[in-house]
Amino acid sequence: MIKLENVSKVYQGANGEVRALDDVSLSVEKGEFVAVRGPSGCGKSTLLLTVGAMVRPTEGRVLLSGEDVYGMSVSQRARLRADKIGFVFQMFHLVPYLDALENVLVPTLAGARGGRAEALELLARLQLSHRLHHRPAELSTGERQRCALARALLNRPEIILADEPTGNLDPDNAAQVMQYLGNFHREGGTMLLVSHDPLADQYAQRVLRLDQGRVQEQ
Ligand code: ADP
């Protein structure tokens, strides 16, 4: 489902080059839940954004369902993201002036699948029916992440890419979000999660270690 072949990513920073990913090769099978663990700065976000058709690697190839993600046109890549991928971030990235329901519907503006009925159903599943018209600032952090999760699930993605999804949550809310991600996986979804949080190990089937841009199997 997800395949990286000898992927390197070099950023040209003000203070010279940073090799965020260094010759990374890995595969995630359809329906698998893989966690990539490592400290801050080891390349986790870069890995996730590269898989998510957002950051072109300097070298190597990324294949999703056998398709070369960076060999396709920009619009094909946008289509692939809208059709197949759901993103969940540590900082939630909700739109501050939209309410919870409107936030869940944002991806549809870019042509992603899903509509109001599905959004309402997802928000109910994520225990947010009583918060439909609250803006992010009027939600707890746990509610914000559940709202972001509903947004990620709206297009019925095959893959969820999660970047430190529990990083801003207290232990109870962190466990709850991990359980929802676990449900997505149990229902057949493919999960790739990057985190420094050991909690991820309890839910993932396979844990990889990322160290200075290099991946090792645990
Ligand atoms: P992590 O998610 O593990 O904290 P990142 O993938 O965000 O790691 O970053 C890996 C390395 O690449 C870090 O040293 C970071 O400073 C650097 N980096 C990330 N993005 C950029 C960028 N746009 N320009 C320059 N350097 C970057």
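Reply: One term to start: a polar contact here is a pair of N or O atoms within 3.5 Å. Keep in mind that this is a predicted model.

Me: Fine. How far is the ligand oxygen from a polar backbone atom of Lys44?
Reply: That distance is 2.9 Å, from an oxygen atom of the ligand to the Lys44 backbone. A backbone N or O atom of Gly41 is 2.7 Å from a ligand oxygen. With Thr46 the side chain takes part: one of its N or O atoms sits 2.5 Å from an oxygen of the ligand.

Me: How much of the ligand's accessible area does the protein cover?
Reply: The protein covers 60% of the 560 Å² that the ligand has on its own.

Me: Which residues surround the ligand?
Reply: Tyr11, Val18, Ala20, Pro39, Ser40, Gly41, Cys42, Gly43, Lys44, Ser45 and Thr46. By class, that shell has 5 nonpolar, 5 polar and 1 charged residues.

Me: And which element gives the most to the shell?
Reply: H1, with 3 residues. Helix H1 (44-51) and strand E2 (16-28) are the elements that give two or more residues to the shell.

Me: What does Ile160 contact, leaving aside neighbours within four places in sequence?
Reply: Gly86, Val88, Leu153, Leu181, Phe184, Thr190, Met191 and Leu192.

Me: Val88, then. Why does Val88 count as buried?
Reply: Because its relative accessibility is 0%, and buried means under 20%. Val88 is found in strand E6. Beyond neighbours within four places, the contacts of Val88 include Gln145, Leu149, Ala152 and Ile160.

Me: How many residues apart along the chain are Val88 and Leu149?
Reply: They are 61 residues apart, yet their C-alpha atoms are separated by 6.3 Å.

Me: Last one. Which residues of helix H2 are buried?
Reply: Arg77, Leu80, Ala82 and Lys84, in a helix that spans residues 74-84. What covers the buried residues of H2 includes strand E4 (59-64), strand E5 (67-68), strand E6 (85-89) and E7.

Terms used
Residues are numbered from 1 along each chain as its sequence is written. This is a predicted model: local features need pLDDT of at least 70, side-chain atom pairs count only at pLDDT 80 or more; totals for chains, interfaces and linings use all residues. Side-chain values use heavy atoms; hydrogens and water are left out. A residue is near a molecule or strand if one of its heavy atoms lies within 4 Å of it. A polar contact is a pair of N or O atoms within 3.5 Å; within protein, one must be able to donate a hydrogen and the other to accept it, and residues adjacent in sequence count only if both atoms are side-chain atoms. Accessible areas come from the Shrake-Rupley method with a 1.4 Å probe; for residues, only the protein chains shown count as cover. Helices (H or I, at least four residues) and strands (E, at least two) are DSSP runs, numbered from the N terminus. Ala, Val, Leu, Ile, Met, Phe, Trp, Tyr, Cys and Pro count as nonpolar, Asp, Glu, Lys and Arg as charged, and the others, Gly among them, as polar. Contact means heavy atoms within 4.5 Å. Buried means under 20% relative accessible area, exposed over 50%, partly exposed in between (1.4 Å probe, protein chains only).
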